[in-house]
Every structure is written in C-alpha cells, then in structure tokens.
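Please consult the sequence and the structure shown here.

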Amino acid sequence: MKITVLTAYDFNTARALADAGIDYILVGDSLAMVAHGHQNTKKISLGQMLASTRAVRKGAPTTKIITDIPLSEVQKSKDQVLDAAKKIITAGANIIKIENASKETIEQIKLLRDNNIYVMGHIGYTPQSYDKPVLVKERDELFASAHKLQEAGVMGIVLEMIPAVIAKELTENLQIPTIGIGAGVHCSGQVLVSDDMLGRYNLFEPKFLKRYANQYSESVSAFREYIQEVKEEKFPSQEHSY
Ligand code: KIV
C-alpha cells in the first residue's frame, strides 16, 4: 500500500486530513509561501514552525506528524540543531525532516538519531538551497545522497522533482521508503502541499501538481456574495438575527 502524505499548517486542515485517513501530515516550510506570502521557503522561523506544529497536533491528535527544520536552524551548530529538533518534537511532531545530504546535514542527522529522534531526508529539488524549482537529473549524485541518508539512519526520503525512472530505481534499491513529489508513480508514497492540491494557493503551477479542488475561486465567489448581501442589507436576515 502506498504511503500518503499531505501538508497542514493549521488546526482545521489537520482535522480534515485526519478525518480523511492520511498516513502522515507534513508541517512543511512551504508554510513560508502559502501562509506567510514569502517568495520561497527560506525565511520561516523556528517559532512559526512550532506554532503550526502545535496547531496541527491539536487537530490531528493521533496522526504521525513530520515537521521541517527551517533553514535558519540548520545553518547553526549541531547542538543548536538538536535543540531546535527537540523543541519541534515537544510541539507535537514525531519526525523531523531535513533537506539535502551535505556533510553537515549528515552529521546533524546522526546526532538527532543518537538522541532517538526520527528523521526524514529530502533530496532532488530542495527549496532551501535553490532559487527556483528545477528538475534534478544527476542519477549518480542522487544515488550517493540517498545512500548516505539511509546509512545516517533516516526513516524515509522525500524525492522532489526527479525523473520517474530514477525515482523507480532508487525506490527499488533502498531499504527505506521514498515519498515522491514530482518523482512519478513508483515511489513508496506521495506528498503534495494541501493548499496547492486544493487550489487554495494558486500562485504555483508545476507540471506535477494535480488540483483536486478550486478553493481560491470558491472563496472569492463566497466573499463577493457576502459583500453584496451586506451592502444590500440581505444579510443578516431574520433567520440569522436574535
Ligand atoms: O515544505 C514542504 O511542503 C515540503 C514538501 C513540498 C515536500 O517540503
């Protein structure tokens, strides 16, 4: 059975995901773009990630939660990364996600694992280290990164924007699950940003994205109707008055 992952940053989205039976909720640093209007994921703070993790945990008390460690924290010393990871776990996450497989990242992952913290890796297009989305096609580099992460003890790896044929080979070759986003159907599971797939955040249209709803335009229509009804004194009617 494929593993299902979607993002949430707030209580109500987490509730809906838990009700729908999602396997894992990702409190991704896409929070920066989707909820705070930044151009990329780089500017989100640990405090903002912690606040979202707490809200998601309230909405989904028993679902496994993965939270991204923000760029501001991974640039600090190993001990500070451990400290940030402990705060994220205390806020309600079960697993910490860290991007890329650089020497520093591998050392950070090993330290977290030595402290019994579960870690998920993330390779391919890793938004914290790029300026814009790119398809990452270097097969040998991807294989080397994936194996370094597996040896460091990650429990799974997100593969973002890599050719499906490489994702298939990697998935067959690794002993841990792969979670694809723009990496084809052969990964062990799939992840999308909920706001993207719901059409709530419509400023990002990559080829890999399927929209399952069109909530942005539904919201605009509902807001317009409300504005008009208030102006015309149709709302509140007798039914909504005491
Ligand atoms: O931040 C995020 O939402 C992510 C997913 C795109 C995998 O890392």
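## Aromatic pairs

Y130 is partly exposed, with a relative accessible area of 28% (buried is under 20%, exposed over 50% and partly exposed in between, for a 1.4 Å probe and protein chains only). The model is predicted: local features need pLDDT of at least 70 and side-chain atom pairs pLDDT 80 or more, whereas totals for chains, interfaces and linings use all residues. Residues are numbered from 1 along each chain as its sequence is written, and side-chain values use heavy atoms, without hydrogens or water.

The whole structure contains three aromatic pairs (ring centres of Phe, Tyr or the six-membered ring of Trp within 6.5 Å; planes under 30 degrees apart are stacked, over 60 edge-to-face, the rest tilted). Y130 pairs with Y125: the centres are 5.4 Å apart and the planes lie at 65°, so the arrangement is edge-to-face. Y125 is buried, at 8%.

F204 and F208 are also edge-to-face, with 6.4 Å between centres and 70° between planes. F204 is partly exposed at 23%, and F208 is partly exposed at 22%.

## Charges over rings

The charged end of K64 sits over the ring of Y24, 5.4 Å from its centre (NZ of Lys or CZ of Arg within 6 Å of the ring centre and within 35 degrees of the ring normal). R139 lies over the face of F143, 4.4 Å from the ring centre.

## Helix α7

Helix α7 covers residues 139-152 (helices are DSSP runs of H or I, at least four residues, and strands runs of E, at least two, numbered from the N terminus). Its buried residues include F143 and L149. The buried residues of α7 pack against α6, β5, β6 and α8 (contact: heavy atoms within 4.5 Å). G153, with a positive phi near 105°, follows α7.

Methods:
Expected span 1.5 Å × (residues − 1).
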